Amino acid sequence: MIQIAGKTRTLADISGIPAGGTAAGILAAMSSSPSVHSYETDGQLRFELNLRAQLVEKSRELARSGLRFAVFRDSTCNPDFWDRMPNGGFKLKKNVSPAAAVGDIFRNGGRYGTECATAMMIVLYGALAEVYGAGQFDRLFPKIELMNWRRLDPRLQGFGELEKYPDYLPGDRRYFANPDVDPLVPMWQGENVVQLGGGLYYGHGVGINRAEAIIRNLNGNRSPGADEPAYLMDGAGRPDFKKLSALSGQ
Amino acid sequence: MNRINHQPAAVLDGIRKTRGAQACREFFEQSEKNGRAAAIKLADDGALSFGTFFTILPDLQRLQMQAELSERGRTAFRLCETILSGAKTGMGICPEMNGGCQDTLLWIFLTGMLDDGMDGDFDRIIDASAAVLAKTYHDESFLPALVSLIFRRNRRGSYVHDLAWAFLQSHSPKALKLAADYLNSEDGRDAELAEDLLHLPHVENRQARREQHAGYLKWLEENGPYLLFGCAGFNATARPHVCDVDLAAKYLCRAVPDHRRIPKDGLSEAEKSVLEGFAKIRGEEQETLAHFSSQIHRRNPVRWRRWIRSPLDAQLKAAKKGGGDGR
């Protein structure tokens, strides 16, 4: 169910969302959900739809970019835009456009190698750059660190948390956990993914796949005698769409 | 207990520390030329540090000495090869999970951490050893060293991701206590990492940190026996949900075995009956009852036995009234 300014809205009340697109699918899922998706303004809803659709689009784009999988110890980046930090993360270089630097990862993915958590951040920043436009994005995010969730911009913290929600939507960050992972291959401890819709997920290293395939991959990297299979955790990382909407002026 | 023997310094360690890695390798190579058995003896020296073993590892490989080494040497050799090849292991290092393997991993970690930062591959092996010790063996003896290394690296701004994961996989209240001690650190980087490891909110000033530290230790003392540990690390979230309190176990004052939920068939009929009522009340009331139960159980077991057999309404009434000190 969708509520705007306290009033329930049907799909027919919300115009201008291109039919058949990702945003329309998300809108339909929200509308048919038994839980209430509540907004103060129409603009807040449209911002969330737009950002979620971009998260899906950027996931697909990153999957095609040639971005390599590398553990943080072996991570690589394009030094024209990023400094590689001792912890394996990437720090935006001074005097470089954040939007251009993030865009370079999508254009020249083969020059970068990192883990799945960092890939999720790249998707998020890429989506935000699309939604805000390069100029505003550069003003809003002049300092970017890409590593694990501890280095995330405080305004995006929700994307790095895992909270339970009544329903999960395309654009949510989800997590497949692998409790019995072989400790000598900790990179298989779990898989960060973006929910794409249609039962598909994008995870860096596993590509675009169904849940069963991702679980199969993770299960193949457990210790002998493992009795607990990998599973999709009941939780999602979501940025605070309403606060981000306010930053955009919508 | 630290199982590393305190022996006179190994010859190769002394050469490496005073004359450097290259001199150490040259000495080892010359020893092998003089007599293979003598070289093997140097590599198997009980006092040898893993840092030096790692230094001569290329020579051990080149001279095909693996099979002639002691169990410690052979296990360390296999571990290094497996980790550095990045191969899927299937835990082939320690197929029998024997004590010898655990001792070797302890040797690698405890003597190796002194040379932390020597080399990227070297650190990779240190971290992998920590992961196996914590996750497979649940070894608690190395936890002080593990926590110390995590925070030392964090201060340097170097790589803590895998060691932090090992910490979280230890599933040990002892590990939580060790990390909690950094909440009170004068160094803000320590406190921030401790907060993240323990799933606590970030607080800014020293006074608030002192209070957070004291509050956490009190919480840990009360709930330590009833903790159920999660599997998520910094890979999944900024502040991994390290553990939950098993309220039913706390209510029954039954420590959870291996920090897993008590299986139903492990409960007596009386306990099952008591838990049926407990399961039907709201979460907040469960917390109240569990807290009260643990308090009076510790302070007045006779009163506790009376109280736990009383009807649930009466239990709640007593719990809400307080007096968990047993008076």
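In chain B, F50(B) and F54(B) lie four residues apart in helix α4 (residues 50-55), so about one helical turn separates them. Helices here are DSSP runs of H or I with at least four residues, strands are runs of E with at least two, and both are numbered from the N terminus. The model is predicted: local features need pLDDT of at least 70, side-chain atom pairs count only at pLDDT 80 or more, and totals for chains, interfaces and linings use all residues. Residues are numbered from 1 along each chain as its sequence is written, chains are lettered from A and ligands numbered from 1 in the order in which they are written, and side-chain values use heavy atoms, without hydrogens and water.

A pair of aromatic rings is described by the distance of the centres and the angle of the planes. Rings of Phe, Tyr and Trp (its six-membered ring) pair if their centres lie within 6.5 Å; planes under 30 degrees apart are stacked, over 60 edge-to-face, and the rest tilted. Over all chains, the structure holds 22 aromatic pairs. One of them joins F137(A) and F141(A), tilted at 40 degrees between the planes and 5.2 Å centre to centre. The pair F50(B) and F54(B) is tilted too, with 6.2 Å between centres and 50 degrees between planes.

Buried means under 20% relative accessible area, exposed over 50%, and partly exposed in between (1.4 Å probe, protein chains only). F137(A) is buried at 0%, and F141(A) is buried at 0%. F50(B) counts as buried at 0%; F54(B) is buried at 13%. In chain A, ring pairs link F47(A), Y125(A), Y132(A), F137(A) and F141(A) into a cluster.

Charges also sit over rings (NZ of Lys or CZ of Arg within 6 Å of the ring centre and within 35 degrees of the ring normal). R174(A) lies over the face of Y168(A), 3.9 Å from the ring centre. R238(A) lies over the face of Y165(A), at 3.8 Å from the ring centre.

Strands of a sheet pair through backbone hydrogen bonds, either parallel or antiparallel. Two strands pair if DSSP finds at least two bridges between them. In chain A, three strands form an open sheet in the order β2-β1-β3, with mixed pairing. Strands β2 (7-9) and β3 (37-39) of chain A stand at the edges with a single partner each, so one side of each has no neighbour in the sheet. Three bridges join β1 (residues 2-4) of chain A to β2(A), and these two strands run antiparallel. Q3(A) has T8(A) in β2(A) as its bridge partner.

The loop between β4 (68-69) and β5 (82-84) of chain A holds N78(A). F81(A) is in the loop between β4 and β5 of chain A. N78(A) counts as buried at 1% relative accessibility, and F81(A) is buried at 18%. Contact means heavy atoms within 4.5 Å. Leaving aside neighbours within four places in sequence, N78(A) is in contact with D104(A), R111(A) and Y112(A). With residues up to four places away not counted, F81(A) touches several residues, including K91(A), A101(A), D104(A) and Y112(A). F81(A) and A101(A) are 20 residues apart along the chain, with 5.3 Å between their C-alpha atoms.

Finally, the two chains meet. The contact takes 37 residues from chain B and 36 residues from chain A. Together the chains bury about 2900 Å², 53% of it on carbon and sulfur atoms. Buried area is the accessible area (1.4 Å probe) that two parts lose on being put together, summed over both.
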